[in-house]
Structures are given as structure tokens and as C-alpha cells.
Amino acid sequence: MRAIILAAGQGLRIRRAGEDPVPKILLNFGGKSLLERHLLLLRAVGVREIVLALGFRREMVEAELDRLGWRPRPEIVLNPRFTQGSMLTVDKAVNPMTRGGEVLLMDGDVLYDLRIARALVNGSEGVDRILIDREFESGEEPVKFCLREGVPVEFRKRLPSDLEFDVIGESVGFFRFSESAARELATIVGGYVAREEGHLPHEEAVRDLLLGGRFAMDVCDVTGAPWIEIDFPSDVERAEHEILPLLQPIPTRPQPPLGRGLRDGEMAETS
């Protein structure tokens, strides 16, 4: 299993006047950067092959890796056009995405709990999985995943007013793809870039995959587990004061998988 962490963006919305801009994956919470937390959590659930998709101030992220002395050192792919959108970042990660085996595609700007990492990787091989949280703030910022009678019907920030669904949740921004689904996603992304639509967010390509009907997504409901995507200065404050105190300690050694059914008080899956 290979994790691809998207961390190329500039984080324009999070900047405060006069501050030195840094990649969001280097934001520090509880003495650890988001990058270090990603690495620790992924190792705790048995994922050792990690790819960092970088762009903005990539030298700062590499300096953090040097400081951590992390081994094996994550593979780095670069998007020199990082100002133009995350679709291009995923396109630069096509090689590790299509190398074979399962792929985790993860936004880098998320502070999250060990239970969410476990929910992403637990269970049998070859699973295509999306994590959703049913308790989310309304508005146009959350990327919403909607199902009707178990079938995906939408995956976007803005929903049509006449859309019918019986399940809705905010996407955590973490996906697990089987080898075949990862290859299909890479093909879809390549199509966007070839049509000069690389400026679009990568969620549009994921949407095409989810709604295409070729792959049955395992929908894992992580409602109740603490996490936050960090886009605005207010998110930093909430992450520090509301989310961080709720996080479970990160084990120092990899933990055995819990199997298909989540136990230890973890979230229930719906499919």
C-alpha cells in the first residue's frame, strides 16, 4: 500500500499579513508538523511507502524531512505549476499512482486522529474506499459526497437544488484505491490535463471515478472521530484548541489491522 500526500499548494487563504508563508503541511500542532503527524500515523497503521507531491517552497518540506531523519525517506514528485491547481499535482504523481498495488490519496492539510488512519487502511485488500463525516457545517466549503440507495450521485462543494439523496457527508479528503481504480483515476486526470483543464481541483477527477459506476466504493463513516482540514486562519485556531486535545496518542510501533469490522469503539462503516 502506497500513500500519496498532496502538499503542493500555496495556502493563500490561510496567510496573515506580514507572516512568512510556509506550506500548510509544515503547520505545527502540539510540537509536531502536519508532515510528521502524517508520517507517524501512516507508520502506525503499517504504511511505509510514502510519496510527497510538492510544489510551493518544496525546499522547506525537504528540510523538515532532513530534520526528522525519516527512513525510508518519502519519494518526492514536483509540480512546478503548483499555482494552477491540484489536478496538475495529481498528474505529476501518475507514476507512483500506477506503479501497482493499492494507493492512498490524501490531502496534506488535514489534522486527524489515529482512528481515521485505521479506518482508511483496515480490511481486505483491493478495496476502493472514501471516508465521510456526516456531521459537518453547512455551506459551500465542504466537499460533499451524496448517495441515493447506496449509489453515489454527487461529489462536489455545490449541490444541485433538485438533487435527491438519502446519505450525505463531508469528504475527509482521504481515499483508498485498488490498483485498477488508481490506474483509472490516473487516466481521468490525464484527460483533464490533455483538455487543458488542469486548473480544476483534483476532486473533479475523483468525482468522475466515483460516479462512473465501474468501482463499488466502500463508504466509511468516520463521524465522531476528530479531524479538520485547514484552509483558513480560523481553522488553525480550531485545530489547536478543539481538535488537538481530542486526538488519540500515536503508537510508536505499527499496530495490527483490526479487520473488516472496526472495533475498539471506532466508527461504523456503511456501504
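Analyst: A crossing of two helices is called left-handed if the near helix is turned anticlockwise from the far one by less than a right angle, and right-handed if clockwise. Helices (H or I, at least four residues) and strands (E, at least two) are DSSP runs, numbered from the N terminus. This is a predicted model, in which local features need pLDDT of at least 70 and side-chain atom pairs count only at pLDDT 80 or more, while totals for chains, interfaces and linings use all residues. Residues are numbered from 1 along each chain as its sequence is written, and side-chain values use heavy atoms, with hydrogens and water left out.

User: What is the handedness of the crossing of α6 and α7?

Analyst: The crossing of α6 and α7 is right-handed.

User: Why is α6 called oblique to α7?

Analyst: Axes are lines fitted to C-alpha atoms, for helices over the stretch in contact, and angles run from 0 to 180 degrees between N-to-C directions. The axes of α6 (residues 179-194) and α7 (residues 203-211) come within 9 Å and cross at roughly 130°. Angles under 35 degrees count as roughly parallel, over 145 as roughly antiparallel, 65 to 115 as roughly perpendicular and the rest as oblique; α6 is therefore oblique to α7.

User: What makes α7 largely enclosed by the rest of the structure?

Analyst: Buried means under 20% relative accessible area, exposed over 50%, and partly exposed in between (1.4 Å probe, protein chains only). In α7, 7 of the 9 residues are buried, so the helix is largely enclosed. Glu 203, Arg 207 and Leu 210 are among these buried residues.

User: Why is strand β11 described as largely enclosed?

Analyst: Of the 11 residues of β11 (residues 167-177), 9 are buried, so the strand is largely enclosed by the rest of the structure.

User: How do you know that β6 and β11 pair?

Analyst: Two strands pair if DSSP finds at least two bridges between them. Strand β6 (residues 103-107) and β11 have 4 bridges, in the antiparallel sense, and therefore meet that definition. Leu 104 stands opposite Arg 176 in β11. Strand β8 (residues 129-133) also pairs with β11 in the antiparallel sense over 4 bridges, with Phe 175 as the bridge partner of Ile 130.
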